[in-house]
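The following explanation concerns how two parts of one chain meet. Please keep the sequence and the structure in view while reading.

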Amino acid sequence: MSATTTQAPVGAATDSAGAAFEPVMIGFTCNWCSYRAADLAGTARIKYPPNVRLIRLMCSGRLDPAFVLKAFAGGADGVMVSGCWPGECHYIEQNIKALRRFVLLRRVIEAMGIEPARLQLVWASAAEGQRFAHEVGRIVEEVRALGPLGWGRDGARPHESIAAVSTAAGPAAVPAEVTA
Amino acid sequence: MTRFLYYPGCSMDASARAYADSLEAIGGPLGLELDEIEDWNCCGATEYQGISPTRAYALVSRNLALAEKQKNGSRTVVAPCSACYLNLAKTEHYLREDKGLAAKINTALEAGGLHYTPGSIEVRHLLDVVFFDIGIETIHGLVTRPLGGLKVAPYLGCLVTRPDYDHRWRSNEHPREFDRLLRTLGAEVVDFPLRTDCCGGHMTQISPATGFELIRRLIHAADQAGAEMLVTLCPMCQMNIDAYQAEMNRYFKTSYHMPILFFTQLIGLAFGFPPEKLGIGTEIVSARQALAKIGIAVPVTEAQEPVGAGAAGPPRRPRAKRTGLPMPAMPGEDGEAPR
Amino acid sequence: MSSAQERIGVYVCHCGSNIAATVDVEAVSEWAGEELADRGVVIARNDKFMCSSSGQEVVEKDIAELGLTRVVVAACSPHMHEKTFRGACARAGLNPYLCELVSIREQVSWVHTDREAATAKAKAVIAGGVLRVAEQVPLEPLRVPIHPATLVVGGGIAGISAALEIADAGFAVHLVERQPSIGGHMAQFDKTFPTLDCAACILTPRMVEAGMHKNITLHTWSEVTDVKGYVGNFTVTIKERARYINAELCTGCGICQEKCPIRVQDNVFEAGLGFRKVAYLPFPQAVPKYPVIDGPNCTYFEKGTCKACEKFCPTDAIDFTQVDKDVVVEVGNIVLATGFELFDARRIEQYGYGRLPNVFTSLEFERMSNAAGPTNGRIVLRDGVTEPKTVGIVHCVGSRDRNYNAYCSAICCMQSLKFAHLVGEHTDATIYNFYIDIRAGGKAYDEFYQRVLEEGTIFVRGRVAEVTDTLRLPAEAADEGRLMIQVEDTLAGKQRRIPVDMVVLSAGLEPPADAKETARLFGISCSSDGWVIERHPKLDPVATMTDGVFAAGCALGPRDIPASVSNGAAAAARILGRIQQKEMALEPVRASVDEARCSGCRICNDLCPYNAIIFHADRMVTEVNPALCQGCGTCIPACPAGAISGTGFSDAQILSQIEGLLMVSASGQLREVVPA
């Protein structure tokens, strides 16, 4: 999957320059499993799209929902959260706590007007380089199909975007008054 | 009251008439409501898949589509014939797994004004429903005439317990559920080693030598295990062992007399129904002698071979007395299979 | 932007062509120097191999001459060289935790093909690193003392080896074994491959040494029930189960065993092939030599009668009032040598184990072949009398099989060859081995295989499809009463049905049934199969990811006796090194609570699997114990007041990294990101 700057096909998502849309995404990985899975994908030279920029945490349990919101507000079109498989967390069970936060967070972002599919969860053990690469590829395509989130980039301010979404969805969707 | 969609299959009207009759008889007491799928067609038996898989799946899928359309409040199709059951279950499974196949099949179905949504119908065999949904406790409660003293060999045939898509059966090679069901009727169930071995299927047409050998093997093993009759749940198995037993005997110069009945017939007997109502007496290798031993009189009909002096295969091997080194503990009848 | 106040050096590595072939390294370093200058970057360089001594020297020189306060290296994975660059910084006088290594190799150049996209991503990654490193603070590793005692869990050959090495060096060992005697599975074997040494003969001297060693405390018929603490300072609770025998008075005479009237099937030591008494010693060479009374099967406990053992014991050593006792010990390090269990061959119904009397498992065969076993070493059928004329040995039972265990159990081929040899030694039988591949890689192993070939064993390459007693008559009438093995002979290209009298199944190795509970108890990880995960499969095979807990032997995966002994010795060596150094440095990634901000809501209290979070009821505040804290950070986001912070992965660091990563568009342009 390579980035192109040619004109995008009719109907495909485009950026402001009219080129084919390349999502920019942040991926949170855990030091013991998913980060090592990414490393393994590297040593095995498995190819996947370059759209996800990884952050290393010690554990998926460290993931503060604020990080995800910051990412969206900062211009990310999608966020991937990854960690060890349930039952295999290096810190015993912290990925379960991450899972709880993820589930609630998804509902929260949906209420904010962000499509839930922009936030995805992937479990990958240190031995699963192939799987990690495959999942990244899948998630990038899903986010690509959703188009740019349009927050915090090219000058748009988050609360302006919220207002735009709310008027599009109808007055009942989000309270009309949104403070920055 | 347990309500299902019912796919009888072609043999229920013909060679497995006794199965249909006995099922109808016991359906009432068991609370089994079977709504026949309207306008169902042949399942393709075992041949069609070898000739043209896609057309075979389309043929089967028509039944699934009709079942989905019928909407009788149940999403489960019950099939008494093992081949019909497996064709339906297998096709349903493949449609769910392979979106490309599902699209192709639905294009074909659309030509007939039908559509099937993969996953909307669940397919189960009659034994599955009787054992797991109705349950042996309920059945036990309805037994008025226990079959004590009747030695039976439980024969499931090869198609019911594998592939086991929904992981229903504790063991695929030696399932004990059928044993337990028959035991609930009061019968003495022998330890039959070939519960799920092949009956020969259509080999009796294609390669009689092979077919007869498989039939002989089953009868021989049942006889060695001390059974007086085989009990089965598949029309094909029943037909092979019943209708071809004489020819098999001629081929091997043996003189086995091993009757084979459907489990629904035994349930019917245990519930107190008269044998005629259950199609008993219509089988070719007569069960009259075996049933007479436990006090059930079966009227004579012309169809039957003259009753021989009893099973006459090779002399029965004496059961070795258990001395010597201990055996590992095996899971009990209702205990966990090692998993 | 706080990064603007720092003086940051950025170093981009070519890694030969590993990075440079896909990422335009020159452009990236130039870009960093220009575009990130207002974020604090004062120098940006690129080098062919940053990790080389010359590369490191460049960094050290810049720190000294340019007064760098932070360093960002864009190269391989931190798992490779984080230590290297931290070392370089330390040498130059910069706190090593002010250095950040970002990966543009494993996570960029090796996985992407489009040069433009990869270069853009590398820029983003570096920007993330630059903004993050500015938020990093100097840290000092935690130093903890190391208690000189060691806990070894499991008294098989691996555990015994580890225990003896440590004890011989002069340090105390607690050796815990759940069976009444140490020895493990090796004590059950007859001979060991390839030398055909008698297993008991080579094992029992070690067992005796361990039993008598002044530095080893044996806890047999015991289990570890609780582990608290951290490396160097573990507090372990060992439950010593009641033997109902007073060890002080028992002389090991064995009269209680003789007089006990109840016999039960011995499913442990005799693998179910023999019997033992309820008051029993598992085998004559047991260490310790004190028997055990099997409470659940004992008549006295069931009905209150019998007590034959008590009546006849010459030293009054029987004590039915004994209860389980908890012993608490302090240790500095732990070795897990919990071994394996045999795959349950009953699961493969086609092989008929459990249904067909003359199908045996490998352990049953070991006991049969053993001169001290239930048949006194005679190879006989299940009737205990008849010698088999033909024996079939089946390899790979439950192994290399997607339906059961996909892995190879490593030792079964050699074991099957050994069985073939032993059958030939004890009987005149014709022997068949049914194999997939012959795995004979160790020292003198292949020579042993050649020997067995020459001894006349017939090898059939094919997975056995079925073992059955149902024959195809009339052709097989002569074999009535025997077993028939149905197998595809892949080398001959045909199906074969081979009549045999006896079948031996070389069942695979599996982790103990409670492997996952054990892992949880000791705070380590095991794989989905249940084997303990080592820190690095190639370079660190006996350490686990948890400092202070090591593993040895089959607990890590199937392996033979020499490998298990090596593992034990290796773990011992690592531990002795630690003990000798008396203290250890721990990574300072820890959480801590700002008491001024803590409201005592206790939301965080239940989140710690290491019990590092303590609530002080008197002051209504929570505290994190830095020694117990493992640095996962789960408590940090939970705090509604933001009172918990974490070193090494603080909120400020991560938020800055997010900002940096999003500064660069997909095509490599700087984006004006509106701060959230």
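**The domain interface of chain B**

Domain 1 of chain B and domain 2 of chain B bury about 2100 Å² between them, with 70% of that area on carbon and sulfur atoms. These values were computed from a predicted model.

To locate the interface, consider first how the chain is divided. In chain B, domain 1 covers residues 2-126 and domain 2 covers residues 144-293. The centres of domain 1 of chain B and domain 2 of chain B, taken over C-alpha atoms, lie 24 Å apart. Across the boundary, 28 residues of domain 1 of chain B are in contact with 24 residues of domain 2 of chain B.

The polar part of the interface may be taken next. Between domain 1 of chain B and domain 2 of chain B there are four residue pairs in polar contact, counting pairs with both residues at pLDDT 80 or more. The two domains of chain B are also joined by one salt bridge. B:Glu122 and B:Arg168 form a salt bridge in which the closest N and O atoms are 3.1 Å apart.

Which elements of chain B each supply at least two residues of the side of domain 1 that touches domain 2? They are α1 (17-30), α4 (82-97) and β4 (122-125) of chain B. Of these, α1(B) provides the largest share of that side of domain 1, with nine residues. By residue class, the side of domain 1 of chain B that touches domain 2 of chain B comprises 16 nonpolar, seven polar and five charged residues.

Conventions:
Residues are numbered from 1 along each chain as its sequence is written. Chains are lettered from A and ligands numbered from 1 in the order in which they are written. This is a predicted model: local features need pLDDT of at least 70, side-chain atom pairs count only at pLDDT 80 or more; totals for chains, interfaces and linings use all residues. Side-chain values use heavy atoms; hydrogens and water are left out. Domain bounds come from an automatic or database domain assignment. Contact means heavy atoms within 4.5 Å. Buried area is the accessible area (1.4 Å probe) that two parts lose on being put together, summed over both. A salt bridge is a side-chain nitrogen of Lys or Arg within 4 Å of a carboxyl oxygen of Asp or Glu. A polar contact is a pair of N or O atoms within 3.5 Å; within protein, one must be able to donate a hydrogen and the other to accept it, and residues adjacent in sequence count only if both atoms are side-chain atoms. Helices (H or I, at least four residues) and strands (E, at least two) are DSSP runs, numbered from the N terminus. Ala, Val, Leu, Ile, Met, Phe, Trp, Tyr, Cys and Pro count as nonpolar, Asp, Glu, Lys and Arg as charged, and the others, Gly among them, as polar.
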